Amino acid sequence: LNNVYLMGIPLWGGFATAEQASRIVQSLFDSAVGMWSRYGIRSTSSKDPLYSNADIIYPYSNWRGPIWVNANAMLAYGLAAYGYQEQALEICHRVTAVLANDIVTTGTWHEAYSSENGTALAADGFLSWNTLGYRLTSDIAMSVNPFDFGLGPALQAALSRPV
């Protein structure tokens with residue numbers, strides 16, 4: 001079984017049932033699954049045979065283990081939307097600590113971060129989705145979700161109809 005951060009996307013999209021949400025949360029935070037780290041949710045489980053924190057960007061960036069701010073932000077917003085505020089805030093604290101440490105130690109942000117030690121990986125000077133870290137903790141604490149377009153219930157209804 002290949003456990004990757006994408007398992008949490010149904011929370012972010014608002015189309016998981018309460019039962020599915022519970023199972024997703026269990027998988028994201030269960031140490032036996034290997035998604036949760038001191039620095040946030042890994043892009044790929046540490047139990048996966050292809051797990052790696054290699055500092056690569058060519059021919060493509062490494063999504064086999066590092067912490068990605070965009071993925072963690074999506075997961076935090078999704079968790080909060082389903083009432084898992086404590087877990088969402090913990091992700092926020094860990095990811096923003098990684099971003100703050102990167103600014104202090106390197107003077108910039110990077111594209112991804114090692115899930116083993118929080119060090120910067122690839123693409124120095126990378127801003128893009130890392131700017132999500134600016135409001136992440138306050139958004140979650142105040143129940144603000146800039147990605148909530150109110151589609152969750154409609155998607156749930158559409159997915160539950162017989163084909």
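Select Arg23 to begin: Arg23 is partly exposed, at a relative accessible area of 48%. Here buried means under 20% relative accessible area, exposed over 50%, and partly exposed in between, with a 1.4 Å probe and protein chains only. The model is predicted, so local features need pLDDT of at least 70 and side-chain atom pairs count only at pLDDT 80 or more, while totals for chains, interfaces and linings use all residues. Residues are numbered from 1 along each chain as its sequence is written, and side-chain values use heavy atoms, with hydrogens and water left out.

**Salt bridges**

A salt bridge is a side-chain nitrogen of Lys or Arg within 4 Å of a carboxyl oxygen of Asp or Glu. By this rule the count comes to four. Glu19 is exposed, with 56% relative accessibility. Both residues belong to helix 2 (residues 18–29) and sit four residues apart, about one turn of the helix. Helices (H or I, at least four residues) and strands (E, at least two) are DSSP runs, numbered from the N terminus. An α-helix has 3.6 residues a turn, so residues three or four places apart point the same way.

Asp139 is buried at 3%, whereas Arg135 is partly exposed at 41%.

Now select Glu116 and Arg42, a salt bridge whose closest N and O atoms are 3.4 Å apart. Glu116 is in the loop between strand 3 (112–113) and strand 4 (120–121), and Arg42 is in the loop between strand 2 (40–41) and helix 3 (69–81), so the pair ties together parts that are 74 residues apart in sequence. Glu116 is partly exposed, at 46% relative accessibility, and Arg42 is buried, at 8%.

**Helix 4**

Select residues 85–106. This is helix 4, with 22 residues and a reach of 31 Å from first C-alpha to last, close to the 32 Å expected at 1.5 Å a residue. The expected span is 1.5 Å times one less than the number of residues. Which residues of helix 4 are buried? They are Ala88, Leu89, Ile91, Cys92, Val95, Val98, Leu99 and Asp102. Gly107 follows helix 4 and has a positive phi, near 85 degrees.

**Two asparagines**

Select Asn130, in the loop between strand 4 and helix 5. Asn130 is buried, at 0% relative accessibility. Its side chain reaches the backbone oxygen of His110 at 2.6 Å.

Then select Asn145, in the loop between helix 5 and helix 6 (152–160). Asn145 is partly exposed, at 21% relative accessibility. The side chain of Asn145 reaches the backbone nitrogen of Phe147 at 2.8 Å.

**The cavity lining**

Finish by selecting Ala54, Ile56, Ser61, Asn62, Pro66, Trp68, Glu111, Ala112, Leu121 and Ala122, which line the largest cavity. On a 1 Å grid over the protein atoms alone, a cavity is a set of points where a 1.4 Å probe fits but cannot get out, and lining residues have an atom within 4 Å of a point.

Methods:
On a 1 Å grid over the protein atoms alone, a cavity is a set of points where a 1.4 Å probe fits but cannot get out, and a pocket is an open set with protein on both sides within 12 Å along at least five of seven lines; lining residues have an atom within 4 Å of a point. A polar contact is a pair of N or O atoms within 3.5 Å; within protein, one must be able to donate a hydrogen and the other to accept it, and residues adjacent in sequence count only if both atoms are side-chain atoms.
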